[in-house]
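Hello,

Here is the structure for your files. Notes on its charged side-chain pairs follow below.

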Amino acid sequence: MPKAGITYGPRIPAPNYDRIGIGAEKQVLNGLGLKQLKRPEDLVAVRPDELVVKAWRIVEQADADLGAHLEERDQALAHLWFYEPRLGLARTAGLSTMGYRGAIARVVYGDKRHPLPDVQSNEDLARLGKELGVRRIKNAEAKLLKASETVYAAHARRELAVRYMQEAVFDLSEAPYAWTPEQIAEHAGVERGLIYKQRAAARKRHGL
C-alpha cells in the first residue's frame, strides 16, 4: 500500500506472466517428450524410468537459472524500494505482496520474515538504505523486468517438473516395477532422501 509522506515514481508495467507460465509448461512437456498438456498422473505411465531422469534434468536447469537470476531480481527490488519507490512492485515481479516483501527482507536482512522498516519520507528511505548497505543498481527497472521473467519461468518449470518426477517415483515404486527408493535414487542420480520425500508427496496426492 502507498504510504503517506512517500513520493512514488510511475508504475512499472508487469510482464505477461500468464504467457510466460504457458511457455514454461510447453518447455517442460517438450523436455519430457510429451505432446499433450494433461495432468502428470495421466501420463506418467509412459516409461517412468526415463521420465524420472528427464524431469530431474529440468529441475536442475531451473535451479541453475534461479541461482543465476534470483539475487539480481531481489537486489533490483530492494533498490527500487529504498531509492526509487514505485507502486505495484509485487505485481511487476510476479510475486504476492508477502512474497515481494520477503524477497527484499532476505536481501537486506538475510531473513525473509524480517519486517521492512516504517519510514515516512523518500529521504529517510534512501538514508536508511545506505546505512543498511542496500546496493544501488543501475538500470534497476530494466534489470528487475528481465530477471523477474527468468525467475518466474524457472519457478514454473521447476514446479511442473517436480510433479512429473513425483509421479514417476510413485509409479516406479509400485508394481510391476517395485523399485526401492535407493534404486530410484541411483537411477536418477539423486540423494535417496529426495526420492523418499517425493514418493511421500505423490502418495499423499493419491490419497495413500
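Arg-47 is partly exposed, at 43% relative accessibility. Here buried means under 20% relative accessible area, exposed means over 50%, and partly exposed lies in between (1.4 Å probe, protein chains only). Arg-47 pairs with Asp-49 in a salt bridge, 2.9 Å from N to O. The term covers a side-chain nitrogen of Lys or Arg within 4 Å of a carboxyl oxygen of Asp or Glu. Asp-49 is buried, at 14%.

This is a predicted model, where local features need pLDDT of at least 70, side-chain atom pairs count only at pLDDT 80 or more, and totals for chains, interfaces and linings use all residues. Residues are numbered from 1 along each chain as its sequence is written, and side-chain values use heavy atoms, with hydrogens and water left out.

The structure holds 13 salt bridges. Two others to look up:

- Glu-84 bridges to Arg-86, with the closest N and O atoms 3.8 Å apart. Glu-84 is partly exposed at 34%, whereas Arg-86 is buried at 13%.
- Asp-124 bridges to Arg-127 at 2.4 Å, N to O. Asp-124 is partly exposed at 32%, and Arg-127 is partly exposed at 46%. Both sit in helix H6 (residues 122-131); they are three residues apart and so separated by about one helical turn. Helices are DSSP runs (H or I, at least four residues), numbered from the N terminus.

There is also a network. Salt bridges with shared partners join Glu-71, Arg-73, Asp-74 and Arg-106.

Best wishes

How values were computed: Helix = DSSP H or I, 4+ residues; strand = E, 2+ residues; numbered from the N terminus.
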